[in-house]
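Have the sequence and the model open as you read.

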Amino acid sequence: MTSSNDASGAAAAPYQAAGSLQGRTILMSGGSRGIGLAIAARAARDGANIVLMAKTGQPHAKLAGTVYSAAEELEAAGGQALPLVGDVRNDDDVAGAVAAATERFGGIDVVINNASAIDLSKTDDVDMKRYDLMQDINVRGTFLLSKLALPALRKSANGHILTLSPPLNLDPKWAGRHLAYTMAKYGMSLTTLGLAEELREDGVSVNSLWPCTLIDTAAIRNMPGGKAMVQAARGPQIMADAAHAVLTGSNLAGNPAPGGSPTGNFYTDEQVLAAAGVTDFRPYSLGASEDELVPDIFL
């Protein structure tokens, strides 16, 4: 069995879905490429409606794809797509995306906080513009998109916020390695922790999802030594399948909300897919053996 880095998910995969996202409306930050596009494409195969709000409206010199080319992929996969050029740091852009989603599709069932900035510099070396960028996109953007979508999510029969952020871990190792980035990603995870409790009686599930290994993305490839690093990575399809399993509630354990759906959990891709019946993760690899894969940070 071989794996594929193709966002369409056309290659054979070990995950066999027990549920479907057909007819559900997903609002995602980012999603022009990488993990976000793979998650959106997996939902599109079910017949989901996907609203992508991303900055890339014109082709980028170093990054493949635009929000418009992503939307074409999603519609070719079987979904309906609404591409919006917008910045999650801009209040008006986010409010406009929420309004456009509800106007076009009648509501919002799922918010996926996918947009994120990364800089693994030590404190001496991190540029404060990069620090501000990570705080604005990762923390503020996640909070803002979640906040403005709450009225629509409360009206959904299956409201869900899924944030791509790591389990909260106070082991000083991670803060010591890259403090600025750790604070930004943990800020996203704190949003999951707090909103899950705040919305517990509202029927809206709030969870986070994080990969166990390095995932091949443009952000990693553009880092120093990134092209060599991704040789020991998995493709983004593993996160797409895991997100699908979380959003369809496939045999998930965890803290239940009053409606029965798990909420307030920090899932990993392997944990979720194992619960869905996956026993062999090798098809997700880009070629490296399981013992050669690079573990992701924060785990």
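In which handedness of crossing does α1 pass α2? The crossing is right-handed; a crossing is called right-handed if the near helix is turned clockwise from the far one by less than a right angle, and left-handed if anticlockwise.

A word on the ground rules: this is a predicted model, in which local features need pLDDT of at least 70 and side-chain atom pairs count only at pLDDT 80 or more, while totals for chains, interfaces and linings use all residues. Residues are numbered from 1 along each chain as its sequence is written, and side-chain values use heavy atoms, leaving out hydrogens and water.

**The helix itself.** Helix α1 covers residues 34–46. Helices here are DSSP runs (H or I, at least four residues) and strands are runs of E (at least two), numbered from the N terminus. At 1.5 Å a residue, the 13 residues of α1 should span 18 Å, and the end C-alpha atoms are 19 Å apart, which agrees. The expected span is 1.5 Å times one less than the number of residues. After α1 comes G47, with a positive phi near 95°.

Eleven of the 13 residues of α1 are buried (under 20% relative accessible area with a 1.4 Å probe, protein chains only; exposed is over 50%, partly exposed in between). Among them are I35, L37, R42 and D46. Their cover includes β1 (25–29), β2 (49–54), α2 (67–77), β4 (110–113) and α9 (237–247).

**Two helix partners.** Two packed helices are described by the angle between their axes and the distance between the axes. Axes are lines fitted to C-alpha atoms over the stretch in contact, and angles run from 0 to 180 degrees between N-to-C directions.

| Pair | Angle | Axis distance |
|---|---|---|
| α1 and α2 | about 30° | 8 Å |
| α1 and α9 | about 50° | 8 Å |

α1 is therefore roughly parallel to α2, but oblique to α9. Angles under 35 degrees count as roughly parallel, over 145 as roughly antiparallel, 65 to 115 as roughly perpendicular and the rest as oblique. Towards α9, the contact (heavy atoms within 4.5 Å) involves residues of α1 including I35, A38 and R42, and residues of α9 including M239, A240 and H244. α1 passes α9 in a right-handed crossing.

**A loop residue.** T56 lies in the loop between β2 and α2. At 14% relative accessibility, T56 counts as buried. Beyond its neighbours within four places in sequence, T56 touches S32, R33, G65, T66 and V67.
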